[in-house]
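Here is a friendly walk through one protein chain. Please keep the sequence and the 3D view open as you read.

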Amino acid sequence: MKIHILILFLVVHNIKAQFVLDQINMTDETFEACQLCDARADRAGSRVISVAVSQYFAKNFIKIVVNEGDVFVRDSYPIEKIDTGYSCKYTAEARNIIAEARMVPGSVELDPSGIIYVDLVKNSFAVAEVEHALKADMDIRVWNGVKTFGTCTNIWRKTCSTVAKAGGINKISANFAASNTLVECIGGQEYVTFNADVTVTDEAKDETYPEPTVEKKDDCDLDIFGIKIGSINNKIRDYATSYVKRDKDRFRELRGPKLVAELERKIGIKLGSVVAIRINDQLGNPRKCDSRRKRSTRCVRKTCPPGFTRIGDSDKCQQFFGQTEPNCKQYGSKAELVSEQLSPTIKLFWCHTPMQ
């Protein structure tokens with residue numbers, strides 16, 4: 001199913017969100033109800049905002065952010081010994097290790113089901129496959145030694161640069177949530193505002209990740225007084241490969257949770273913490289703020305337990321777990337599991353719990 005929705009975004013100064021959906025129309029009755037601090041406002045806001053929010057989140061934010069080319073994380077690691085199989089003849093260590101994981105621009109493949117909005121939980125969902133690239137630059141230092149009367153004496157030492165590379169595909173699940181909708185006066189114009197939250201999870205498709213390849217960055221020749229007497233290129237490559245394979249969990253974390261956290265952060269910046277949508281009357285005329293009418297006290301934005309977000313304007317909160325089924329009872333006896341089957345192969349899970 002393909003979704004073709006044209007959305008107009010305006011950049012407005014002095015408004016809380018960076019991006020603002022153009023406008024929505026409201027009848028007088030709905031507009032009045034949205035300003036009340038009771039269930040009537042919740043019901044009225046949910047009906048109208050669900051349409052606007054679904055259009056707002058219909059934009060493929062995963063693709064937009066990844067294609068900008070700056071979804072990457074970099075980490076450095078300490079000097080570590082490498083098992084060479086020798087205790088003296090050849091010993092080695094990895095030094096100056098800098099690893100980088102990156103989401104490859106232009107590689108986002110949105111699931112055929114597209115971006116789906118579910119009014120029940122006031123969320124939009126996007127599932128996509130994204131290519132990941134991992135690169136680890138390091139220096140490999142090798143010593144050659146001989147044993148004399150049980151003592152190892154090093155004869156020579158050589159340090160050479162190398163790079164290990166690996167790539168594969170991760171399935172990304174993004175949950176876009178809108179909560180705490182309010183009617184506010186901004187610059188003399190009536191707006192509906194809501195919090196925009198995103199949670200991203202990932203699942204590596206391990207079959208797409210081959211063994212890392214190691215390449216030399218320069219020739220690792222041995223010489224005496226400028227005369228080449230040999231090369232240890234093969235040893236450098238073997239030792240670097242051994243190091244990368246041994247510490248694959250470390251690199252998996254870099255290209256997995258750490259990289260996904262960076263994507264989530266970047267999408268959050270793109271969304272803006274609060275989205276403002278201009279309100280028109282039912283004929284499409286802008287609703288100006290009425291300074292003569294005293295407004296009711298503004299509704300207080302409610303809070304949820306750590307890790308949870310409010311479901312629209314209801315008294316429930318939820319936490320998104322992607323395609324991994326959680327044990328919701330760890331969040332209390334009133335917490336319950338909720339799932340949504342998006343397609344024959346995609347099922348998403350949440351935990352719901354009452355607001356505290």
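## A starting point

In which helix is the place of E32? E32 sits in helix α1, which covers residues 28-34. With a relative accessibility of 40%, E32 counts as partly exposed, because that value falls between the 20% and 50% cut-offs.

## Confidence

Please bear in mind that this is a predicted model. The protein chain has an average pLDDT of 76, and 75% of the residues score at least 70. Residues 1-20 have a pLDDT below 50, and this stretch makes 42 contacts in the model beyond near neighbours in sequence.

## An open sheet

Four strands make up an open, antiparallel sheet, ordered β16-β17-β19-β18. At the edges stand β16 (309-310) and β18 (336-343); each has a single partner strand, so one side of each lacks a neighbour in the sheet.

Strand β17 (residues 316-320) is joined to strand β19 (residues 346-354) by five bridges. Here F320 lies opposite W350 of β19.

## Aromatic pairs

The whole structure holds five aromatic pairs. One of them is Y86 with Y90, edge-to-face at 5.7 Å centre to centre and 70° between the planes. Y86 is partly exposed at 41% relative accessibility, while Y90 is buried at 14%.

The ring centres of F320 and W350 are 5.8 Å apart with planes at 45°, so this pair is tilted.

Finally, Y86, Y90 and W156 form one aromatic cluster.

Methods: Residues numbered from 1 in each chain as written. Predicted model: local features only at pLDDT ≥ 70, side-chain atom pairs only at ≥ 80, totals over all residues. Heavy atoms only, no water. Helix = DSSP H or I, 4+ residues; strand = E, 2+ residues; numbered from the N terminus. Buried < 20%, exposed > 50% of the residue type's maximum accessible area, 1.4 Å probe, protein only. pLDDT = per-residue confidence, 0-100. Contact = heavy atoms within 4.5 Å. Pairing = 2+ DSSP bridges. Phe/Tyr/Trp six-rings, centres within 6.5 Å; stacked < 30°, edge-to-face > 60°.
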